[in-house]
Amino acid sequence: MPAPFPPAKKRLGQHFLIDRNIVRKIVAAAELTPEATVLEIGPGRGILTDALSHAARRVVAIEIDPDLHRQLEASRPDWTNVELICADALTHPIETLPFGTIVVANLPYYLSTPLLFRLLEHRRRFPRLVLMLQEEVADRLVAKAGTKDYGILSVMTQYATDVTRAFKVSAHCFRPRPKVGSAVVVLRPRPRALLPPHDEAAFAAVVKAAFAHRRKTLVNSLRDEGYEAQAAVEAVSAMRLLQAVRAETLTLEEFMELFRRIASR
């Protein structure tokens, strides 16, 4: 009989999913076919991994905790189509996965933003990403312009993908129980880039600068981040926006126009 799983490690933000109904809903949201390859980040104790192994041809599961990884390998010899990798998903070469790989992940709260941006960097490899996140992070991903949750994460996620909030997940569905609820979101990368690929880093820099000083006007925030003040003033005027406009009121389309006007000077 295999040894029990090690206790959750607080420093790794471990909260293990225990609700099989939520597992079924996640697998359904992933829309897997019997020929699918799945990338799972953070298999934990394997409840979702097991369901994925029955729904897909191949599962690549990346676990950063060597104790959990070792226990999963020892306890599930029947997972013949699961490749368990002990690694950090922030540095593991996910770009080697085949095109068409579907991402299913329960992202740890403390690493959700950098992991999300890394996945978006390689988004053309993934037709769908089904991510379980802290509820407030999920709110930011789907937030619209003019709302309190709208920010850099909203703009850059919506630039790269069509993102929808699938369902909430109660804290009761985890052990140990987290202090906050979670939500599952589905991201479908856009089939065509909205900007030329060589412009994307510069666009992201403009968005970051615009939100760098949320209490300041858009023009002043851009100026304080090193952009020419006159260029920002002229861009805002050409867009027929008030000079007192703030970043959180601009839509994705307006951010792209702002970028084009600033970049064209």
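Visitor: Which residues lie nearest the centre of the largest cavity, and how many residues line the cavity?

Guide: Before we look inside, please keep in mind that this is a predicted model, and that the values I give are computed from it. The residues that lie nearest the centre of the largest cavity are I41, G42, E63, N106 and P108, and they belong to a lining of 32 residues. The elements that each give two or more residues to this lining are the strands β1 (16-17), β2 (37-41) and β3 (58-63), together with the helix α2 (47-55).

The backbone angle phi of E31 is near 50°, which is a positive value in a residue other than glycine, and E31 itself is partly exposed, with a relative accessible area of 41%. A second residue of this kind is R240, whose phi is near 60°, again positive although the residue is not glycine. R240 is found in the loop between α9 (229-238) and α10 (252-263), and it is exposed, with a relative accessible area of 79%.

The loop that holds R240 leads on to α10, a helix of 12 residues that reaches 16 Å from its first C-alpha to its last, close to the 16 Å expected at 1.5 Å a residue. The buried residues of α10 are L252, F255, M256, L258, F259 and I262, and because they cover an arc of only 160° around the axis, they are on the same side of the helix. An α-helix has 3.6 residues a turn, so residues three or four places apart point the same way. What covers the buried residues of α10 includes the helices α6 (152-160), α7 (200-210), α8 (218-224) and α9.

One more backbone feature deserves a careful look, namely the cis peptide bond that joins R175 and P176, with omega at about -10°. P176 is found in the loop between β8 (174-175) and β9 (182-189).

Note on methods. Residues numbered from 1 in each chain as written. Predicted model: local features only at pLDDT ≥ 70, side-chain atom pairs only at ≥ 80, totals over all residues. Heavy atoms only, no water. 1 Å grid on protein atoms, 1.4 Å probe; cavity = no way out; pocket = protein on both sides within 12 Å on 5 of 7 lines; lining within 4 Å. Helix = DSSP H or I, 4+ residues; strand = E, 2+ residues; numbered from the N terminus. Buried < 20%, exposed > 50% of the residue type's maximum accessible area, 1.4 Å probe, protein only. Expected span 1.5 Å × (residues − 1). Arc of directions from axis to C-beta. Contact = heavy atoms within 4.5 Å.
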